[in-house]
Amino acid sequence: MKTRTTMPGSEMEALRGSIEKWRKIRDCEDADRGKDNCPLCIFYCNDCYNCIVGTATGLQYCQGTPYIDWCNHLVKDHGFSIMDVYQSVPGCETCARLAQAEIDFLASLGKTQNEV
Ligand SMILES: [Zn+2]
């Protein structure tokens, strides 16, 4: 894992926003609408290689993060198509666990730099 040494306040705000997005998904208060409701995607204009997530993983589209487990779970266990993934949250225990894993992952990115 590569990490940068500084994080501007605006970047930290975007990270906090993405953590909040996943809290809402975990609690079934909002759906994952992919980049459309991801403050990090919006902040970085979908440039994964500049994003703190892509910088940490060296990959695009949140590959190498718990987000992929989340997508796989919805497709395999809930019968969602890739487009459905962005529509709703089934809200089973595994959904909540995987959403929490994404929260923990995002929080760990913040902790290496500043406190989230
Ligand atoms: Zn589920």
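Q: In this predicted model, which residue follows α4 with a positive phi?
A: Let's start where α4 ends. The phi of the residue that follows α4 is positive, near 70 degrees, and that residue is Gly79.

Q: How far does α4 reach from its first C-alpha to its last?
A: Helix α4 covers residues 66-78, which is 13 residues. At 1.5 Å a residue, 18 Å is expected. The reach in the model is close to that, at 17 Å.

Q: Within what arc do the buried residues of α4 fall, seen down its axis?
A: Pro66, Tyr67, Trp70, His73 and Leu74 are the buried residues of α4. They line one face of the helix, because their directions seen down the axis fall within an arc of 115 degrees.

Q: Why do the buried residues of α1 line one face of the helix?
A: The buried residues in α1 include Glu11, Leu15, Ser18, Trp22 and Ile25. An α-helix has 3.6 residues a turn, so residues three or four places apart point the same way. Seen down the axis of α1, the buried residues line one face because they fall within an arc of 150 degrees.

Q: Which residue just after α1 takes a positive phi?
A: What covers the buried residues of α1 includes α2, α3 and α5. Just after this helix, a positive phi of about 60 degrees is taken by Cys28.

How values were computed. Residues are numbered from 1 along each chain as its sequence is written. This is a predicted model: local features need pLDDT of at least 70, side-chain atom pairs count only at pLDDT 80 or more; totals for chains, interfaces and linings use all residues. A residue is buried if 20 or more other C-beta atoms lie within 10 Å of its own, exposed if 12 or fewer, and partly exposed in between; C-beta atoms are placed from the backbone. Helices (H or I, at least four residues) and strands (E, at least two) are DSSP runs, numbered from the N terminus. The arc is that of the directions from the helix axis to the C-beta atoms. Two residues are in contact if their C-beta atoms, placed from the backbone, lie within 7 Å. The expected span of a helix is 1.5 Å times one less than its number of residues.
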